[in-house]
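Trainee: I would like to learn how to read a protein model. Please show it to me and take the features one at a time.

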Amino acid sequence: MKVGLGLPIADPGSLSAWVRRAEDGPFTTLAMLDRLVYHSPEPLVTLAAVAGATSRIRVMTEVLIAPTRETPLLAKQAATLDRISGGRFTLGIGVGVREDDFRAAGVDYRRRGRRLDEQMAVLRRVWAGEPYGGDGGHGGGIGPIGPAPVRPGGPEVLFGGFVPATAERVARWGDGFLGAMFSPEEMGRFFRTVERAWQEAGRSGGPRLVAQANVALGPDRVVDEARQAVRAYYTFAEYRDRVAEGMLTTPEAVLRAVSAFGDIGADEVMLYCWSADAGQVDRVAEVLHR
């Protein structure tokens, strides 16, 4: 089972210690979440620094709120990060649920799903090296936007979300699905929904399936810090206390979760850490080595 780490957002200056320890450990991916109206670091900038400080481990957005971003610039940024990382970049992508992010970006919250579908058509076209299109205001078309990504057709794309449209987007535009905040049983049901959509779309092979769980290993201060961070991040949601209390805080809970997600077909499990204490990297690594 592949296991990755979600990087904490409270202290960007602490991330270099996380990156060094993770690169030397058993982890397969380092991920960064995305918000606009929050104190979290910008994920593509952060992951570019992570990619430059590593040579083995993958980097991933978990997930990037694409509708808040300008599409041609996102295409260029994602392709650049894919090149900088040597093809180690996964674009985890979603529609977003916080209206303040969209108000700040000047984007219609109600159109975010349709906008994401429109964006994916453009992203795939740009990554394939085709002209961007349009008339550019000068009576002529707009040419290709580079650089070309390492992988033909663009970096790996995983969609996050738990509505039927998510499964349809995976089947039409993506390489797989990323699920968070649900039990293995609930996650398993949606994994099967994604697989059915993939087959019905006539795609060969199968989608990559990734599950996420929140983790805090260490003394009480680490667990308390992590739970406070989760509650602050989800302050808009009525389920914030449930998410905080459902955090995995013992080695046994981590091992059970990784095993359970593996049993339902997860290809990778992302353990998202909310405390900035870098010692968690070593603690999680020790658990995985048992």
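Trainee: What covers the buried residues of α6?

Mentor: First, the terms. Buried means under 20% relative accessible area, exposed means over 50%, and partly exposed lies in between (1.4 Å probe, protein chains only). Contact means heavy atoms within 4.5 Å. Helices (H or I, at least four residues) and strands (E, at least two) are DSSP runs, numbered from the N terminus. Now the case: the cover over the buried residues of α6 includes α5 (112-127), β5, β6 (176-180) and α7 (184-200). This is a predicted model: local features need pLDDT of at least 70, side-chain atom pairs count only at pLDDT 80 or more, and totals for chains, interfaces and linings use all residues. Residues are numbered from 1 along each chain as its sequence is written, and side-chain values use heavy atoms, with hydrogens and water left out.

Trainee: Which residues of helix α6 are buried?

Mentor: Helix α6 spans residues 164-173. Its buried residues are Thr 166, Ala 167, Arg 169, Val 170, Ala 171 and Trp 173. Keep one general idea in mind. An α-helix has 3.6 residues a turn, so residues three or four places apart point the same way.

Trainee: How do α6 and α7 cross?

Mentor: Compare their axes. Axes are lines fitted to C-alpha atoms, for helices over the stretch in contact, and angles run from 0 to 180 degrees between N-to-C directions. The axes of α6 and α7 come within 8 Å and cross at roughly 45°. Angles under 35 degrees count as roughly parallel, over 145 as roughly antiparallel, 65 to 115 as roughly perpendicular and the rest as oblique. α6 and α7 are therefore oblique to each other.

Trainee: Which residues meet there, α6 against α7?

Mentor: From α6 come Thr 166, Ala 167, Val 170 and Ala 171. From α7 come Phe 190, Thr 193, Val 194, Ala 197 and Trp 198. Sort them by type: Ala, Val, Leu, Ile, Met, Phe, Trp, Tyr, Cys and Pro count as nonpolar, Asp, Glu, Lys and Arg as charged, and the others, Gly among them, as polar. The contact of α6 with α7 has 7 nonpolar residues, 2 polar and no charged.

Trainee: At what angle do α2 and α3 pack?

Mentor: Helix α2 (residues 43-52) and helix α3 (residues 71-84) pack at about 15°, with axes 9 Å apart. That makes α2 roughly parallel to α3. In this contact, Leu 44, Leu 47, Ala 48 and Ala 51 of α2 meet Leu 74, Gln 77, Leu 81 and Ile 84 of α3. The tally is 7 nonpolar, 1 polar and no charged.

Trainee: What does Gly 160 touch?

Mentor: Gly 160 is found in strand β5 (residues 156-160). Leaving out residues up to four places away in sequence, Gly 160 touches Val 63, Ile 93, Gly 94, Thr 166 and Leu 178. Gly 160 and Leu 64 are 96 residues apart in sequence, and their C-alpha atoms are 9.2 Å apart in space.

Trainee: How many aromatic pairs does the structure hold?

Mentor: Rings of Phe, Tyr and Trp (its six-membered ring) pair if their centres lie within 6.5 Å; planes under 30 degrees apart count as stacked, over 60 as edge-to-face and the rest as tilted. The structure holds 13 aromatic pairs. In one of them, the rings of Tyr 234 and Phe 236 have centres 6.3 Å apart and planes at 40°, so the pair is tilted. Tyr 234 is buried at 9% relative accessible area, whereas Phe 236 is partly exposed at 40%.
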